[in-house]
Every structure is written in C-alpha cells, then in structure tokens.
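This report goes through selected local features of one protein model. The sequence and structure come first, then the notes.

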Amino acid sequence: MRDSTIVIDTPWGRIQTPVEAEGAVNELGRLVWSGKLRPAGAGGVAQAKFDLTNTPEGQVYGGVQLEQASFRSEGLALNGVSGWIAYGGERDSSGEIQGALTVAEVERGAARFRDFGVQGNGTLQRLQQLIIGAKIGSGDGSLGLQLQGAKQGEGTDLALQVAADNLGAVAPALGFEGGVTGKANVNAWLTLRTPGLPSLDELPKLLADGFIRVSTDGVQAGTGVALQTGQLSATIDLSGGTLTLAGSRPWKVAGRFASGKLSVDLDWLPGDGGPQRLEFSREADTWWTRLAGATRGNVAGFDVAGSIDAELGLNDAGQAKVRVPEAVLDLDPFEAIGLTIDPGPMTVSGETTDTGWTATLSGSSAIGLPGKEGGNATAQGTVRVDTVGQHLTVRPVHGECLSLILPAQDFTPRLRLAQPASALLCPDAEGRPLLETDLDSDRPPLVRAAMPALALDLSIGAGADATRLTATTPVLAIAPAAQPEGSYRLTASDGKLALPDAGLSVEDVDAEAAVVPGATVPVDATLTAARLAIEGNPVVPMKAQLRSRLDASTDVLSLEAELTDPEGRARAAGTGRHDLTTGDGGLDLVLDPLRFRRRGLQPKDVVPALAGLPLACVDGRMEGSGRIAWGSAAETSLGLRLRNAAFRTPWGRAEAAAAELRLDRFSPLRLPAGQRVRIGRFLVDDETPPLTDVDARFGWSQAGGVDLRRLALDWTGAKVSVEGGAGRRRPSVLRIEGLDLARAVAAAGLDDVRATGIVDGTIPFRLDRDTIVVENGVLATRGPGEIRYGGATAPDEIKAAAAAEPGMDTLMTSLRNFQYQSLRATLDGRSDGEANVRLAVRGSNPDLYGGFPIALNVNLSGALYVIARRSLALARIGDRIRDYYVERLGRRAGPPC
C-alpha cells in the first residue's frame, strides 16, 4: 500500500499522516499488516512502526510503536512523541486498550505543555484508569490528572492537581481564553456520573460527590478583575441546578478590580457567621455567586471603604464578571483641579461590561475652596462612571445637573460670602462628560462643566467698613485649555458686578481665567466690562479691563487695570497687588492728562463716580493719580487736579477755576475734608455782581452731602468768609468785613434805597435737616452813615406792615432821611420763617423833630421777617444756597451748557 494517508479527526483539527504498509495472510488465515509512517509529507515525521492483525472472526489486534514522532493539525501540534499503544478485541469498541506515551512538547494555540505524559487502560466504552502529567509553559506550572472507574456504581473518580506560578500561561492550556494571571493551586477529588470527562457546562448535572481545595495568590481573572481566596475546603452540592461550596472552616474571597490607575480591593466573608457557603447559579455561559462583606481599596488613586453586596461571575472562557446591585462606599479626601474633595458615603451600583465596566454613584461631597478659612461647598447628585478599555468618563445621569450649595463663610480674613448661594454643575453645551481620563496615563483628567445662573453675595472688608459686592453671570463654563497640559479655562459672559450700598453696578462683564494646578502661576484671569450704571442715572458707557495673576509661592495676586471711555478720549491705567493671606492690597492708578469741553467730554465720563457731584458744563484740563487700597491698613487716596476750568453749579457759573480733589472711598463715594476749589469769578446771575477770588475748602459724601470747612471770597470790595463745622449739624460761621453799603445797595439793584457806611459782622448758622438755623448773628456799622428809604416808593406790603405794627411807622418815617450814628442787627431763627431780627438804631432825621436824636429798638419776627426779607434783593444768594441744601444735592435740570 503506497501513497495512502491515515486521517484522524480530533477536537483540535484533522491530523493527516502519509503511510506505507505491506499486508499478507498468515498460516492462520489472518491478515497481518506491517508498516511505517513516511518521513516525508505534511503530516509529520516519525520513527513509527505498527502491526495490525485482523482475524476471520472479526477481531482486531494490533499496536503501534512511536519514537520522536510529530503530528500536526490546524490547532494542535505534537512534537517528540514516543511510546506505545496496544488494542485487542472486538471491532465494536469493547476491546481493551492500553498504552503509555510521552510528548516532548504539545502546542495548542498559545498553550504550551512540556514533558507531557499519559498512561491508561480500559475499553473505548469505559475508562478504567487514565493518568496525565505535564509541565505547563516555561516553568509556569504543572498539571496532574487521574481518572478511574468509580469503586461503587457507575461513574468516574477524578483527581485533579494544578499548580500555576503564572496563570497567564497556564489558563490557555486548560482551555480558558480570558486573561487570567497570578498564582494558584487547585486540588480536587470528584465523582462523576459519567465514564469520561464532561464539558464544563455539563459538570453540575454529572457531578455526584467530591471536594475542592483552592488557594490563590493575586489571581487576576478577566479584564481588570483580580480574585483571591484563602485556603478553601468545601463540599459540593449540585441539587436544584446550582453549585454550592460549603466549608466547615472560616475562609474568605478577596477581589481586586484593577485597570491602570483604578483599583478596588474587596474582602468578602460569605455567609452570616455560620457555615460559610457560596452558591453558584448559571446564566447563559456564566456561573454567578453573591458575595457580601467589607471592602477597602483604591479608585484612581483615591482610597475607598464601605460595605458591599456583589455578584461575582466566571464564564466558560475564564473571564470574571462583577455586578453590584447596591453598595455604600466612603472615599477618602483627594485633590482635583486645585480643590480639596471630601466625599461623603456614596451609594454605588454597577457591573463589568465587554469593554470595561459601568457604575452609578449617588451622594454628596464637600469641596474645600482654595484660600478659604472655613466652610465648604457641597455637591450633590448622581453620576454614571463608564470605562472603555482604559478610558474613564464621568457624567450626570440622564444629562441632569449636580447641585452645589455654598453656605455663608469667610474665604479670607476680609472676603466673606454674606449670603448662602446655590448653583448647578451641568455638562457643557455639547453634552460632553464632566470628567474624562485615561487610567493607564499620568496625564491630568479633562474636566468640562457649565454653571448656569450663578449668583454670589459677597462682603469685602471687616466690620462697619465692609463693602457689599454682588456678582452674577448667566453661565460659568469650565473647559480644558490647549496648553499647558492639565490646565483649565474658566469663562463667564454678560455678567454683572454691583455695589448695592453705593448704587453702582458694572454691567456686561466678561471674565476669563486660566487655571494651572500646581504651577508657579496657577491662576491668570482677565475681566472686561462695558458700562457702569449709577442708581437713578442713565448708564455710563466705558471700557474697563482688569488682569490678575496668582503667585503660588506667596499667595499674592498681581493686578493690572485699564479704564477708558468708549471713544478712547480718556484713559486711566494702574498696577497693584492683593495678598490672599491677609486680605490687604491696593491698586496704583494714573489718569492720562485730558481736556474737558463744555459740550464734549465731562469728568463723569472719565470717573463715573463723579456723576454725583454738582458740576456741569465743565471746560478745562484735568489729570490725576493715586491709590485705591483695601485691607487692615488701607488708605485709599485718588487725587484729581483741574486747571484753567469753567463749570456750572446749582448756584451759578464759575470761571478761571482750579481744583484739588481727593477721593478716599468709593462705596459710598466720599471726598474727605481738605478738598480745595479756587475760582477767579463766580457769577450768581446776570444782575448780581460776581463773587471774586473764591477759595473753598470742603468735604463731600453721598450720605452727608457737603461738609463746608472754609469759604472765602470778595464781593463788591467786602471780604466774606464761611468757616464750617465737621458735620451737617455742627455750626458754621459767616463773616463779613468791610461791606460798603453804597456799593452793596447799588449792586443789589435797590433803586429806592440810598445808604452809606461800612458794615462788619458774624452770623453763626447750622443746618438742621432741610432748615438753616441762625443763632446770635450780629451785623454792625463801623461808624456813622446815611440811609434814605421809604416814602411813596416803599412797597405796599411794607406800608401795610408799618401801619399795623407799633413803632414801624416811626421807623419808616425816620428812614426817609436818617443820619445814623450806629446800626446793629441781631439775628436768630430758622429759614422756614420762625425767626427774629432785633434792630438797634441810633441817629437823627434833620427833617423830623428838628433833628432830635432818635434811639429805636425794633423786633422783626413772624410774618414781618418774611416781608422784610422778601423785599431785599440781597436775599437771592441765600435763597440759592438754601434751595441747594433743601434738595440734598439732588440733580436739577439746568440750562444747556
């Protein structure tokens, strides 16, 4: 027989071996074959001989002798096969078979056996004994298996011993395709209700009795799942289609779920303190069991602890699976994006997937804010955590948002969140995860989030000097920055900053901050604003920009600021610093010189806070510089200098003016005592002679109005001055020196009055709410003079009063040609009409009583005072000043510039 092939079908593929044989019928009538396997051909090489005898009765006897033979199929290769196999008996497989083989190397896919030996006897229908031994891989483990017929009844006794120092190489050799690594030892003795080896899914039905002892050391089974048991000795019960391992001694199952930076250690104690049991049930290709106990481990570098109930599965391919219906875990505090996160107890559920695992976490976490002294923010909600391979994502469930709660707290010694705040932490506009990271990489995680409708109510400063600041924005967005790696970009648009107590608000605020945790400069922020709104006034347009950079080594913010009007006609720039530790800081500002024009640029366009000052139609040049400061030893001082100016006030128009103004507070606005304004000419109106050489020293605030300290001026040659008190309720003094009555009467336009003489006097007064109160004011002449007034030209109301008041008719008659020696007037009263003027007149009228000396003492009070006052044009200046105080510096519509 030539050019023939022996074909053997095996579970691992078809083996084909060319064969040569010669056959002859011997003297007993039996057909005897002798042959060998040819060295050539695809089936392998062999030093193999065989004999085969067929008897006339149909029996077959034969044997094969192999020496260093090789056989190969698509999935199996046997190299260095030596030994013998003998068979004798009927052709119906009832004959006896026995043999002993050694194989130098067995290759089945990635599996490798060395020194494989097999010895056995029995029939093809019932195995009497089978002994298998082999080394696995390159010193990775060993396998021992013995099968023999059951001593009693039908079945097979199976003894198994597997020692694996490297399960990654051993598991494929045992038919498990999943990634299993680590060390393990398995010893088992089982009685099967079958004469041969069953498949794994048949084991529960065919297993009759036995025990298993398993010990492992860091075994990892399946993707990212490591399982470990203590020494296990258990009986096996297969009733009801389940597999139950019950032990009489304490034992436990420990697990580690590991993938890159992520690992969770599980320490389960099966049972409830009695005999420990594990019950397995089968679903599809997987055996599942439920484990309960304590766990402690590490998730992405974060320590966790808690209690957990889990379902552990192992499929036919050796891949481990985990399902967690519900667990409570407690994570240790950790750092993220420069914040300290302290999670509370978390309710967790999840399971492994074909590509990784997925989990849902629900609970709250305290967030320690940077640079703060006490209190926290709290985040609440439910997130879903997924992995695909080594890629992990975190997102709120169903696209919802997490809630953030910030209680009132001190961030720094001089910065406080005055009112509790709440916010939402949501996915960004594109719906991407809140967090993404690669578990096998040291790169920082990617964080993306949006915080809609964010509102903060802050208090800056300490005690009664604290300033309230509110900040709102439609949305604050957090996104990874392109460079450097691990940095973030925070943006806000269309926001608003407000000082409610001062009635000021900055609108259309856009902010952008670069955050680089761990860098020398971890924060670099820029803020721009479009306009400033002043309560009760139209919005003032402007362009403002502030940049701040944090030095991590000193906790100091450097500041750069620029403020311009929309047309770029005026510009102020400044630099400064803020110490986060002490709360102290300041900003040094310089205002570029600029030119005001009556119908053009005005001071309030440059410094919007000046909109509250009673100035209009300003023309001239202004420059300024100073420092805005805050903190424990803060001294704000912003100086403004006005040169060659003209402007309008509620009292009149100023020309040839110069001013030195200094602001020391913005909220509320205040110009402290010591402000100085000098005016060459001040015109009350077109009829009254101007005031000249005006020199005013004062202070001003939104709360208290004008605090006049000193005012000096010349009017018709007289020196007039006002020295003020320190407050609105403290007295001021009006002093008049050298008032020429002739010039004053002419300047006042009193054509029916003629007077000569020089008058001096002092008039103390104070402001009580809306009323001017005069106390012990005195006006007196220096010497003799003349007064001519009255007669037919006197107003009718004066004539009527003279007729009704005793002594007034005599006074009016005397004043027609009165040559006085002295005049003295004492004033007391209020500007609302409740007043008294006492006149002491000494002199004579040559046309009355023959020029006999007259001494008159007259009291003007009540309605008489009002009548007399309204009859004197000089009262117009006082009316204007009183009206200004009464209106409390209210903005009145004035004439166009």
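## Aromatic rings

Rings of Phe, Tyr and Trp, the last taken by its six-membered ring, count as a pair if their centres lie within 6.5 Å. By that criterion this predicted model holds one aromatic pair. Its members are Phe113 and Phe116, whose ring centres are 5.9 Å apart and whose planes make an angle of 80 degrees. Planes over 60 degrees apart count as edge-to-face, so the pair of Phe113 and Phe116 is edge-to-face. Both Phe113 and Phe116 are buried.

A ring also takes part in a contact with a charged side chain. Arg323 lies over the face of Trp288, and the distance to the ring centre is 3.8 Å.

## Confidence

The average pLDDT of the protein is 76, and 73% of the residues score at least 70. In residues 271-275 the pLDDT falls below 50, and this stretch has two contacts in the model beyond near neighbours in sequence.

Residues 888-893 also have pLDDT under 50. For residues 888-893 the model has 12 contacts beyond four places in sequence. Where pLDDT is low, the predicted coordinates should not be read in detail.

## Surroundings of Ser558

Ser558 belongs to strand β41, which covers residues 556-564. Which residues does Ser558 touch, not counting residues up to four places away in sequence? They are Arg547, Ser548, Arg549, Gly576 and Arg577.

Of these contacts, Arg577 is 19 residues from Ser558 in sequence, while the C-alpha to C-alpha distance between Ser558 and Arg577 is 4.4 Å. Ser558 has a relative accessible area of 33%.

Gln68 is not a glycine, yet its phi is positive, at about 55 degrees. Gln68 is located in strand β5, made up of residues 60-72.

Asp693, also not a glycine, has a positive phi of about 50 degrees. The strand that contains Asp693 is β49, spanning residues 691-701. Is Asp693 buried or exposed? Its relative accessibility is 52%, and the cut-off for exposed is over 50%, so Asp693 counts as exposed.

Conventions
Residues numbered from 1 in each chain as written. Heavy atoms only, no water. pLDDT = per-residue confidence, 0-100. Contact = heavy atoms within 4.5 Å. Phe/Tyr/Trp six-rings, centres within 6.5 Å; stacked < 30°, edge-to-face > 60°. Buried < 20%, exposed > 50% of the residue type's maximum accessible area, 1.4 Å probe, protein only. Lys NZ or Arg CZ within 6 Å of the ring centre and 35° of its normal. Helix = DSSP H or I, 4+ residues; strand = E, 2+ residues; numbered from the N terminus.
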